[in-house]
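Biologist: Hi! Could you walk me through this model?
Modeller: Happy to, let me put it up first.

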Amino acid sequence: MVYGKEQNILQTEHSQTIDLLKGICAVFVIMLHSIPGGYTKHTAFNAVLRTADDPILYDLVGPYLGCLGSAAL
Amino acid sequence: MILSGLTWDASAARHSKWYTKKNLLHKFKRMALPYLPALLLKVLVLGLPDDPLIWLASGGYQMPGSYYVILMFQLILLFPFIRRFYNWNKSKGRSWLVGLAMIFLFHCVYELLTYVFRMPLPVYRLLVLRYIVFIYSGICLHRMILGGKLDWKDMRWMLPIGAAFILAIGYLGWQPKVLFRYSTWYRSSAPTVFWTLPILALVFRHKGKILAKAKRWKAGQWMYKTLQLCGKASYHVYIVQMLWFGMVISRFNTASYRQVIILVISVPVCCFLGIGYYLLTHIKITAKDKETRDSHRLGEMK
C-alpha cells in the first residue's frame, strides 16, 4: 500500500489516466457510430461451423476452432 | 463499463453508506439532469409517442447508445451488490480471478436464461446484467491499483481468448446461437472482457510513461488536454453523439463512400458540442454549489 503524499500523486495520475481513457472511449463510440459494421465477414467460415449440431458446443468451441482454422489456412 | 465499475468503486469507497437518500438522489440527478434536455429535444423534433410510460422506461426513442442512461439508473441500485460480492470473495481469501470466473459463470447462466425464455432484443438491450462482468472487472482493477498490486502480466493469458472471440465474431462472421447470441451486442458481449481488461491494466501500469510522453510534444499536449476534457465530459459527449446520429445523420443516406466524411465531421462536432454542454452545466452546478456554501457560511456567522 502507498500512503500520504505519494498516494495523492498516484490518485491524481489515476484520475488523469481515467479521464484520458474516457476521452478515448468517447471518440471511439463516435467513430463506431460513424462507420457501422465496418468490417469484413468470412462467410465460408460460418457455413462450416453451422454444420455443428450442438448449438452450445458451437458457441463454446466456435471462436477457437475458427481462429485455428484461419491460422492454418 | 469497466471504467464505470472503476470510478463507481472509488465513489463508493468515499461514501460509508450507498443507499442513503442523499447519495442515491445525487447519483440520479447527475445522470438524469444532462439527459432531460436531450429527451425534451427528441420529443420536440420527433413528437410524443403513443405509449409514453413504456417509451420513457426504455430511454425514449431508440438512438445510438440511448440504452446507456437506463443501464446507469439500474446500476445505481445494483452496484452495492456487485461490490459486496467482491468484498465477500476477498474475505474468503479467494483471488480476484476466482471472483471474475464466478461472475462470468453467472453471466453465462443469465445468457442461457435469455435464450430459454426467448428474451426480446429491446429488453436485453436495456438490462445492465449483460455488462456485469465488465463492471466487476472495473472493481477488480480499482482494488489492484489501490493495493499497488497491479501486474498486467498476470492477465496476459486472457488476451488470446478475447482476441479469438473478437476475431471470430467481428471479422470471420461466426454467429453464436445460445450464449451471446444477440448480433447487435456481439462485440461488447462478456468474452470481450478478456481482451479489454489486460489492455486497461497495461495502460494503468504504464500510466506515468504514457502521460509523460503525451506531454512531451505540443501536438501531444493539445491532444492530451482535448482528450482529457473529452473524458471529463464523456457523458455529455455521449448524449450529444446519440442526438447527432439519431436525429441528424440518420436523415442522410449513409452509403459507404460517405462514411469517411461522416466520421471526419462527427468526431469534432460531437466532442466540442459535448464539451460545451458539459461546461455549461458544470459552470451552473459550480455556481450553485458556491451559492449554497456562501449561504451556509452566512448562516454560521449569524
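Biologist: What pattern does chain A follow along the sequence?
Modeller: Chain A reads α-α-α, with 3 helices and 0 strands in its secondary structure. Helices (H or I, at least four residues) and strands (E, at least two) are DSSP runs, numbered from the N terminus. Before we go on, this is a predicted model, where local features need pLDDT of at least 70, side-chain atom pairs count only at pLDDT 80 or more, and totals for chains, interfaces and linings use all residues. Residues are numbered from 1 along each chain as its sequence is written, chains are lettered from A and ligands numbered from 1 in the order in which they are written, and side-chain values use heavy atoms, with hydrogens and water left out.

Biologist: Thanks. How much of chain A is buried?
Modeller: 27% of its 73 residues. Buried means under 20% relative accessible area, exposed over 50% and partly exposed in between, with a 1.4 Å probe and protein chains only.

Biologist: And which model scores do we have?
Modeller: The ipTM is 0.80 and the pTM 0.83.

Biologist: Where in chain B is confidence lowest, and where highest?
Modeller: Lowest in helix α13 of chain B (residues 256-301), with a mean of 73, and highest in helix α5 of chain B (residues 96-116), at 93. Where pLDDT is low, the predicted coordinates should not be read in detail.

Biologist: On to the rings. How many aromatic pairs are there over all chains?
Modeller: The whole structure has 18. Rings of Phe, Tyr and Trp (its six-membered ring) pair if their centres lie within 6.5 Å; planes under 30 degrees apart are stacked, over 60 edge-to-face, and the rest tilted. Trp8(B) and Trp18(B) make a tilted pair, 5.9 Å centre to centre with 35° between the planes.

Biologist: What does that pair tie together?
Modeller: Trp8(B) is in helix α1 of chain B (residues 2-14) and Trp18(B) in the loop between α1 and α2 (21-46) of chain B, so the pair links parts 10 residues apart in sequence. Trp8(B) also pairs edge-to-face with Phe79(B), at 5.9 Å centre to centre and 70° between the planes. Phe79(B) belongs to helix α4 of chain B (residues 67-91), so this pair joins parts that are 71 residues apart in sequence.

Biologist: Why does Trp8(B) count as buried?
Modeller: Because its relative accessibility is 10%. Phe79(B) is buried too, at 0%.

Biologist: Which rings does Arg130(B) lie over?
Modeller: One is Tyr67(B), with 4.9 Å to the ring centre, and another is Trp185(B), with 4.0 Å to the centre. A charge sits over a ring if NZ of Lys or CZ of Arg is within 6 Å of the ring centre and within 35 degrees of the ring normal.

Biologist: Which residues touch the most other members of the largest nonpolar core?
Modeller: Trp96(B), Leu141(B) and Met155(B), out of 93 residues. Such a core is a set of buried Ala, Val, Leu, Ile, Met, Phe, Trp, Tyr and Cys residues joined through side-chain atoms within 4.5 Å.

Biologist: Last one: what does Gln228(B) contact?
Modeller: Leaving aside neighbours within four places in sequence, Gln228(B) is in contact (heavy atoms within 4.5 Å) with Gln16(A), Asp19(A) and Leu20(A). Gln228(B) is located in helix α11 of chain B (residues 218-232).

Key:
pLDDT = per-residue confidence, 0-100.
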